[in-house]
Amino acid sequence: MSSTEAGALGALNPMQQAVVDALGKPQGWEPLPNEIVVGIADQLTDSLADVAEHFSVEKPLWVSKGKLTAIHGCETNFVASLDNFEWTLRNVKGTVLHKSIELGINWRGEPTPGDVVDEALAQLADDERSAGEFIEQLSPADRAQLRSMAIDAYSKFDECFPPLKNSWRPVLESSARVELFGGRINLSTRADLTLGAVGAKVIVDMKSGRVYPNHREELRFYALVESLRAGVAPRMLATYSLETARADVEPVTEGVLQAAARKTVDGIRQMAEVQLKLREPNLRPCTACYWCPLAETCEEGIAFIARRSDPDADDY
Ligand code: SF4
């Protein structure tokens, strides 16, 4: 997205213009030298060689944004959440929003948010690999609530983002994977939205609520995976709050990739230690208490939730 292209968009509202200003490629921008990415890749493999010996191609260690966030939060929650994913109204609304955006940017004409969300719900309900079964069995009241939340989120996206031109190469739910040590440790991501070509990508994460400091760290992991996969770093990371219509942007620098590599190595070591039962997982009350599988029985978590009154805890 260049400033010239942005000028060709016609009248944008102030929120859309702010997105163009925040995400546009500044004149004179230069990609990071590829040697930096090569150095980070070497650093990662040197640091994790001993951990990789505990895993195999048949039983690899899977590393995702969610798992890293969990292990750096409360390790007991991390262990309890392994193989324990369940669809809920809270997490499925993000899936409906992303499907709605995907349909909306390719829709001919000018559909209403309700039209787009209804089509997204219908398509997802038919998808057995995704949230289809969960959506199909929702009661009429829960389905109506989900539709209402999704229309609210999609309407905000529609208001806040400029029309996404094909030349910006918008991709929704873009997945990426890096296989380390021949597939014994796998890093995987699924970006809400990417813009731009490889080597100059902008990776965008959508939030229904406000932006928290850990969201930057989550996107840094995406930058690391994209860099290792493509051999070149993306250009920028952006967490976009639909509620506040603000983007928290961070250019991808050597320092950002170094920080992501350190955090990832630390997280992988912690995951390996608790998954392999080499030590007891720690207990650390945090925002994860709100959706932890142990929330109803964990005394520390119950006390933590009682102390907090954060209306934005229900984020996705
Ligand atoms: S309720 Fe909170 S403190 Fe307890 S295990 Fe879950 S995340 Fe950890």
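**Note on the ligand shell, domains and a helix pair**

1. In this predicted model, α5 (75–81) and α12 (299–307) each supply at least two residues of the shell around the ligand; helices are DSSP runs (H or I, at least four residues) and strands likewise (E, at least two), numbered from the N terminus. Local features need pLDDT of at least 70 and side-chain atom pairs count only at pLDDT 80 or more, while totals for chains, interfaces and linings use all residues. Residues are numbered from 1 along each chain as its sequence is written.

2. The ligand is surrounded by 13 residues, of which the closest are Cys74, Cys289, Cys292, Cys298 and Gly301; a residue is near if its C-beta atom, placed from the backbone, lies within 6 Å of the molecule.

3. The chain is divided into domain 1 (16–84 + 169–275) and domain 2 (89–160), with bounds from an automatic or database domain assignment. Their centres, taken over C-alpha atoms, are separated by 26 Å. Domain 1 gives 10 residues to the contact and domain 2 gives nine residues, contact being C-beta atoms, placed from the backbone, within 7 Å. On the domain 1 side, α2 (14–23) and β2 (171–180) give two or more residues.

4. Helix α4 (residues 65–73) packs with helix α10 (residues 213–230) at an angle of about 135°, their axes 10 Å apart; axes are lines fitted to C-alpha atoms over the stretch in contact, and angles run from 0 to 180 degrees between N-to-C directions. That angle makes α4 oblique to α10, since angles under 35 degrees count as roughly parallel, over 145 as roughly antiparallel, 65 to 115 as roughly perpendicular and the rest as oblique. Lys65, Leu68 and Thr69 of α4 meet Asn214, Glu218, Phe221 and Tyr222 of α10 in this contact.

Definitions and conventions. Two residues are in contact if their C-beta atoms, placed from the backbone, lie within 7 Å.
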